[in-house]
Structure formats: C-alpha cells, structure tokens
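Welcome! Open your viewer, get ready to select things by chain and residue number, and follow along stop by stop.

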Amino acid sequence: MLDVTDLNVSYGKQKVLRGISFELRQGEVVTLIGPNAAGKSTTLRTLAGLKRSDSGKIAFDGGDMASISTAERVKCGLVLVPEGRQIFPRMSVHENLLMGAYHRSDRDHVEDDIERIFSMFPRLRERSTQRAGSMSGGEQQMLAIGRGLMSRPKLMLLDEPTLGLAPIIIEELGRIIRNLAKEGLAILLAEQNAVMALGCADRAYVLQSGDIVTSGDAKRLSEAPEVKQMYLGA
Amino acid sequence: MSQLIIGQMLNGVIVGSLYGIIALGVTLTFGLTGIVNFALGAFMMLGAYTTWYFYDVLGLPYALAVLGAVCAVSVVGYVSDRALFQFTRGNLVNGLLVSIGMISVFEALVLAAFTTTPKDLTYVLPGALNIAGIILPKIKIVVCVVFLAVIFGTYLALTRTWLGRAAFSYAQNPEAAALMGVHTGRLQTIVVVYSTALAGLGGGLYASMYSIEPTIGSGYILKAVEAAILAGVGSVIGALGGGIILGISENIGSVFLPSAFRDAYGLVFLIAILLVRPGGLFGDRP
Amino acid sequence: MRYAIAIGLLAALLAPLIAHSDSVLAIAIYAFMAASLAVSFNLIFGFTGQLSMFHAASFGVSAYIVTILVTTFGWNFWLAIAPALAVVLILSLIVGTICFRFKLKEFYFAVVTMAFSEVLRLIILNWNGMTNGSLGITVVDRPSLWTPIGNVAISGGVAWYYLTLALLVVVYVVCHGVLSSWIGRCLAAIRLNDQLGETLGIDVFKYKLLSFAIGSVLAGLVGAFYGFYSGFVEPHYLSIPLGLDIIAMVLLGGVGSLIGPVIGAFVLTALPHVIELSAELRIALYGSILVFVILVMPKGIVGLIGSKRNAA
Amino acid sequence: MLLDIRNLTKRFGGLTAVSNVSFGIERGEIIGIFGPNGSGKTTTLSLIAGILVPTDGSIVWKGKDISAVPPFEVAQHGLVKTFQNPQLFPELTVAQHMRIACHLHIKRALGFGRVWSLFGGMPAELNGTLTRKIDQMLELCRLADKRNEEAGALSYGGEKMLGVAMGMVCEPELLLLDEPASGLGHDEIMNLDAVLRDLRTHGVTLCIIDHKVGFLGRLADRSIALHHGAVIATGKTADVLANEAVIEAYLGKKHA
C-alpha cells in the first residue's frame, strides 16, 4: 500500500534521512522507533508533503506521491496527525473535527462521522463546544486523532502521540490504535516510547541517525538487545 | 455638555467603524500572510475615486457604483497579489516596504489623473435625524450600519462557512491547516483580495460622507493599523472594537483638548497600549 | 572598492571646476545631503537591522531648531547646530529606550517610531507661534557664516557644494569608523542574530540604542544644513514620505553597504532631473523603484556590481 | 562549587517544563544532562544562560545568585552557552565570527578605554593577543584551515564546531553545550569528542546536553537524567545509564 524507496531528506546541510526504504500493507500497524533526532518525524513529514525530499520514491496506493501537495495527499487518503497535538486552539472541539473533513465532497455525511468519533472518544462529546486549547494534553491528542480520522484516511501517520502523556492515557491510546487497525486502517506510528510502540504494532523499523538499522516483527524486536543498546548506548 | 459628549461618541462610533473595516482587512491579511498591507489605504482611496467616477461621472445609481468600485478594487487587489504580494509572504519588512511603494504609485497615478482638487459626490442621501437634540446625518447612520453588518458578516463567515473556517484555522496553525487539505496558497490569495475589497467598500462609502483627495488613504490606513494593533492583530471583532475605541477617543479627546492634536491622541494611546500589553487589548498572544 | 571611492571623491572635488551650471550644482548639493541622510539611516537599518521611521523626524526637528534659532533669535548658524543636535540626541534616546526596553522589533518598532515621529510632526504643525504652522518658515536673507578664517558669506553654489560634500564625508567617515570598530561587530551580531550576540556577552539593548542615537544625530546634522540651504522649513520635513525616500535610496543602492546609499541617493536625486517628469510621476517612479528593488534586486546596485564581479 | 542549582522550576502557562531541579557543577568536570524529547533539557540550559527567567528556585554561580540576570551579563560572568542549531552569520568568514566573539575580551582588556580606540584604533598589542587567541582556538577546534572561508560554506559539523570555538573565545569558565553532537555523522562525532577532551585539559568546565547516550557515556564524568522536567537519576554516568528509571524513561514504561 505504501512503498518508500531510498528516501533522502536534509535540512540545509544537515542530512536527516540517509536513503531509507520501507513498506506498509493494508490494515497493518507499523512503527518507526528510535531516539530523538533519529529522523522519525522527518520521515512522516516528508510522507505528508510538509517537507521536500532530496531524492527517493514514495508510492501510495499505486500512485507516486513525490510531486503532489499536502492537500492532494490528504485527498488520496494519506493523513498525518502531527507531533505536539497541533489542534486549532481557538476553535471548539466540534469545529476542529469539522476541519478534518475539509477536503471531502460528501459534506452531508460529516455529522454522522463526527457522531462516530464521539462514540469512539466519549470525552470529546462532553467537550464538544469547549475551546480546544483549554483541554488537557490527553484530550487534545484524542482530538487530533479524531480530526485525522474525519478525513476518512486509508493510511494514518501518527507522530509521537504519547509525548508528554500519562501512562494510563498511553495505554488507552494503544488500544485505540489496535481497534482502528482492526477496522482496516493502516497506521504508521513514529514513537520514542519503544515499549508502547512495539506493544501495539505488527512490524517495526528501528531508525538511528537517519538510517534504518533493524527491522522485523514487533514482538521479536521488543526482546532484542539491539533496541536497548540503541537507546542507551550501553 | 452631555449632549455634546454623546454626539461626539456617536461620531466616534461612525468614524471608528470605518477604521474598523480597514483594520479588519489589515488583521485578516496579517493573519494569513504575515504581512501588514499598508497599501490597503491606497485601495480605499481607489474605491472612493472609482465610486465617484461611476456615480458622478457615469451617473450610475449609488449602490451600483459602490458595488462596481468594490469589484474594480478587488481586481486590482488580485493583480497586485499575484504580481507582488505573493513574493513577500512571511517577510514583514519586505511586505511593508512593497506595500508602501504601492501607495506612492497609486496616489501619484490618481493625482496625475484627477489632480489634487477635492471631489465631492452629489448628495446620496440628504437629511438628518434629530434624536433628543443630537443631529446625525442619515447617510452616516446608513454607512455605519453597513460597516457593522459587513464586519459581523465576516465574523459569521469565519466561524460558520467551510472557507471561513479554513481561513480561521490557517491563521491559528498554518501547518495543521495544510494537513486538513486546505489549499494554502489559494486561501491566502482569497483573503488578500477580500481585504482589498473591504478597503474598496470603505472608500466607496467614505465618498458619500466626505470629500475625497488622493491622500485620504494614508491617514486612514495609519488609523486602521493602529486599531488593529490596539485590538490585538488577529481578532476580527477586535478590529471593530479597536476602530471604535480609537474613533471615540479621538472625538472625545478633541472636546477637552486642542482638536488640532486629535491624530496624536490615538498614537499616544497606541504607544501606551503596545508597551503595556504587546498583544493588544483583545489579543491572546503574549 | 576603496580605489573607486577615492576616485569618486577626487572627481567630486574637481567637478565644480568643470561644471559651472547652477542647476547642476544644486542637484549635486541635494544629492550630497540626501546621501548623508541615507548613509546615516543605513547605520540603523542596514547594519543594525532596525527599520526606524524616526529618521525624517530627527532630520526635520533639527532643521526647525536651527532655522528658528537663527531667524527668530538671531543666533549664529554654527552655534545653533549644537542645541539642535542635543535635542535630537535626547529625543532619540527617549524613543530608543522605550522601544528597545520593551523589545519592540521589526514591524512594531517601525510603527512605534512612526507614531513618535507623527506626534512630533503634529506638534510642529500646530505650534503656530513658534513654527508658523503648515506654512513653514522662510529664511529671507542668508546670513554670512562665521568660520575660523573670518566671516564668509556662504551663498554661492560652489561654496555650498563643498560644504555639503564635506558634510557627506564627515557622515561617511563617522559611520565607517563606527562600523569598522568593535561597535560595528556588535551591531553585525545584533542584526544577524541578537540572541547569539547576547550569549556572547553583547549588551543588545545598549548597542541598539547607540546605533539608533548615532544615526539620528547624524540625520540631525544633515537637517541643520538642509533647512539652511533650501531657505525654508516646513512640517513636510518630518513626514513619512520623506522617510520612505530615504529607505528607497538605501534599498536601491544596497542595504548593508556603506557606499550603496550614496549611489542610491545620487541616482534618485538626479534621475527626475535627467528624465523630465511631473512631480506626481516622480513619486510613482520612487514607489515603483522601491517595489522593484525589493522583489528583483534585494542587494541593490552594489549587490549587482558585486555579483557581476564574482561571476566573472 | 562552581555552579549550584537549587529547586529550579519553570512553568509556561499550565505546562511545567522544569520542575524542582537541583544539581551542582564542580570546576573541571564534564557534566552530562540527558533525557528523552520534551524532558526539559534545553529549558534548563536556557534558564542557566539567562535566556529564560525561572519561575522558582535559584541559580548560584560562584556564590552569587544569577537567576534574574540577563544573558549578556551571564556571559560576562564566564558562563557561555552554544546553540543546538549553529546560529551563524552566513556571509561572514570564520575569522570574522571569531572577531565578533572577542567582544568580551576587548571589553575586559580596555574597559572604557574602548571609546578612545574609536579614534586611535585598537592597540597593536591587544590586536596581536586577539589574533593569537583566535588562531589558537581555531587550531583547537580543527578549523584553522577554514579561517577565511565564509560560514555558509562550512559543513554542518564545521558550523557546530565554529559555534563551540566562538563560545570558547569568550573565555568561559563553564561552557554550556546544547546538543553538540546532534545531526553529526560518526567521524564528526569522533572529532567533536576529541575537541571537547582538549577543551577540558584547557581548564574549561563543560556541561553538555545530548540525547546520544553513547557519546555522553564516553565523555561525561557525572550525569543528570531528566524526565518530564524532573531529575530521575544523578551520579556517575555509568550508574545513571544503568538506572531502572532511566531505562524506562527512554524505552517507555513496561505494562503488565
């Protein structure tokens, strides 16, 4: 479904991704793990079209993504839930969700979808008219995911969803991700929290300094010493 | 005395709503493109002259003349965005200088075409209302109501329509808006052009109340920028509030203090506000 | 570049021997004064990165003070310069302290300095008893000027030519001296990255204020001569359009170059006389140049010459 | 004790970025601060350097409280910070950067005498000292052959090294390094490693933030681990790295 080959990205002179390749199939949860500045966010931002790549191919659903804009990619069903819960703070929860459906042509069905999101995240229903900026970090993260789902994506890119969240919320997030995958949504999860990420993913790629150093089955990797070594350098 | 003050306050509201409508354009353009478009003053002046031309020279009905002027100014706004402003997005100083350069071009061209002699429109709506001893020309009331309606309409559009929400969300977080599938370049152009249309409308209605000269825009854009900063850049209703506060403070100020300095009151007020609350009165930025 | 400047200066010194025409001399005199303004403005804008809209105010206030002291109170011209510069210095320190203490930057700095300058203009416009309001003050007869070699009537074009050339040289040398010293390096650090400058131990506030004050006082110096040469002062001297002309000269010549503004000032002062234009179209031309330069040649004429040379 | 940080707290609105952090730095040691993204490392460094003002707590430098002192004065006291992303002046050469960074040296040497140097020029003796000092620092930071290159032409590693060299020319007693190794390739890190060791023998105390645990593990004598703005472990670097809480913070909590 998503096929990335030999992707190179740099910020100015700083090479951030050094020719990485990976793939993702329908209904699969794949995680990119690695320490800070390994290039996880950059990978997702490049996939979403926020960052231009130097070279490499991004094939999604058979089409080439490299040359089209972020807005077009959303239309193709590829949506990014950015790092740091970038919701619209001065809009209500309901308006935030509406924005998620901005590009859709079937705007009559939008309210039904919002209802669906509300049943998935009951907390959001309670806060429907509240200003999004006044909610807690966990609620904002739920809103950001809900807003991403409003675009009816085929593939959702999740960037560091657990950042700064309490353990109990992280657990809930893991369950939500699994449930979404069961419904057929493909998810690419970039995470620093390796235990959480490996716990809910099918497969994983380990990123370090812009290179994929290991990859494979998530269960197997969670036991592997190289994961620990990569984080702690021991 | 109290009648005088109430009268001055009402006049302040009327002038303030004119500041407000241009300040709204300043605020919208700044929120979406990161530049302060001083040329909006020139667009206002263009709107006034076009209205005068359509109404007094070509003899169109006034409403139609204003509409035509708004359309004409929007076209100029579109061309200037494509040709100039789109290259200065996000660069405040360059945007400022380009828009200032445009003012001199527009003013000079109008000056060359119509000379400095002030133009007065034939009365659009004569007569005045006398409310408890306070005399208000009917036209001023109509103009003020139109401005208020347009500002509130803009506010509603920003919160209730898809395009409006897109603009509002873009102003809060451009990147997240792009991730929702908003075509950001197109949206910016729309807002820049809409702002020039607002200025054109402001000019068209201004022409029905006061005589017009090529330099009217410069004074009003300064007031509008003051109003926008006073309110806190980015707030729609704040732009109106800032305009009215400015209008009232000038009018009341000139009751008690020498009226020759009326332009200075707003400036001193502005400096004080900026120093105490850099985000403006209604702004929530630090 | 150094040789080019030396040759230019030599040519300027010899020029009046060849060109006697009063109108040519007058253009040159205005160009020298415009260039002095532009060079001093560039110290604040190009080299420190502060878009000051106060420059015309410094220029105009000083022009008014000198003119009033000479015409109304009968002071000697040279003596009148001192209080004028002192007032400009105090004003610039007040405005600068307020702006920089509150860390106003870019647009906000421009707007607040513009506001202060408007307030000053309104005061001058309305202080009829002293300034004669919007009509301005005319210097009817040009009093002779006391110089160390005795009273000399500086009235001829040639005399003013050399006087204003000397003014330009003084302004240029002062700016050059400031910029090539440690102060210049601090200003560069502030313009390019004030946070880095601060972590390197540079007192950003102090140096911003210093550059603002030096630039403003130099503008005041130009104002003192300008009012006297042109024979009248009017509130327009403090206006925003004058500030814009200065910006246009700096941008056209080259921001951040010392000699650039001189070139820009000469081009913009001489151009309208070379190609006959009405006043309105001249303003339009200024505006177009401003827009064109920003969008197409951001480094101005000097940048254009520089890049040609690098390419060769 | 050179630097003593007591109960340092910084809140941004509702968010507590640094919470009740205390630690000390002794003269001559290399201290490492690490922690995952968003753990408050950079905020802590900015607080020490005076770029941010703490909400609570104190920063005591050689017995003097400097918690509300502006950054340029902090630098004058001998506490200099480098930036994570090199903050340079692209059109100036390496040597010109170093001249700018000599500001404090000139100020210390001349005091108000600087004003006279505007008319008479810089004393030749001082000029010689500065040139020698700059050469020495560029040598130390392996930039000597690049001295006349424009900063824009340097590699990313070179830019970061220039940042360190500029910091060093300010003659700090304590140099705060914000992620000096981030974005560098393997060879560049090895080079950085050698440079920082040389700096230490030069008598400078170093405080380094980084997320490259391997790099810090080799270099730092003592380390402080931050998580959610609070200190979760402190002590000998090897011990800190073996600490259960630190491993959890990096890998995520194990759930039953």
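Here is a short tour, from an overview down to individual side chains.

**Before you start**

This is a predicted model, in which local features need pLDDT of at least 70, side-chain atom pairs count only at pLDDT 80 or more, and totals for chains, interfaces and linings use all residues. Residues are numbered from 1 along each chain as its sequence is written, chains are lettered from A and ligands numbered from 1 in the order in which they are written, and side-chain values use heavy atoms, with hydrogens and water left out.

**Stop 1: confidence**

The model scores ipTM 0.78 and pTM 0.83.

**Stop 2: all of chain A**

Show chain A as a cartoon and look for ten helices and ten strands. Its C-alpha trace spans about 50 × 40 × 35 Å along the principal axes. Chain A has a radius of gyration of 17 Å, which agrees with the value near 17 Å for a compact globule of 234 residues. That radius is taken over C-alpha atoms, and the globule rule is 2.2 Å times the number of residues to the power 0.38.

Buried residues make up 56% of chain A. Buried means under 20% relative accessible area, exposed means over 50%, and partly exposed lies in between (1.4 Å probe, protein chains only).

**Stop 3: salt bridges**

Side chains of opposite charge can pair when their charged atoms come close. A salt bridge is a side-chain nitrogen of Lys or Arg within 4 Å of a carboxyl oxygen of Asp or Glu, and the structure holds 32 of them over all chains.

Select A:Glu23, A:Arg25, A:Glu28 and A:Arg203, which are linked in a salt-bridge network. Within it, the closest N and O atoms of A:Glu28 and A:Arg25 are 3.4 Å apart. Is A:Glu28 buried or exposed? At 8% relative accessibility, A:Glu28 counts as buried, whereas A:Arg25, at 43%, counts as partly exposed.

Next, pick A:Asp202 and A:Arg178, whose side chains meet in a salt bridge (3.5 Å, N to O). A:Asp202 lies in the loop between helix 8 (194–200) and strand 9 (203–208) of chain A, and A:Arg178 in helix 7 (residues 167–182), so the pair ties together parts that are 24 residues apart in sequence.

Move to chain B and select B:Lys223 and B:Glu250, another salt bridge, at 3.2 Å from N to O.

**Stop 4: a nonpolar patch**

Finish on chain C by selecting C:Leu9, C:Leu10, C:Leu13, C:Leu14, C:Leu17, C:Ile18, C:Val169 and C:Val173, a nonpolar surface patch with about 740 Å² of accessible area together. Helix 1 (2–18) and helix 7 (157–180) of chain C each give two or more residues to the patch. Which helix gives the most? Helix 1 does, with six residues, while C:Val173 is found in helix 7.

Patches are made of residues with over 30% relative accessible area and no salt bridge: like charges are joined within 9 Å, nonpolar side chains (Val, Leu, Ile, Met, Phe, Trp, Tyr) within 5 Å. Accessible areas come from the Shrake-Rupley method with a 1.4 Å probe, and for residues, only the protein chains shown count as cover.

Methods: Helix = DSSP H or I, 4+ residues; strand = E, 2+ residues; numbered from the N terminus.
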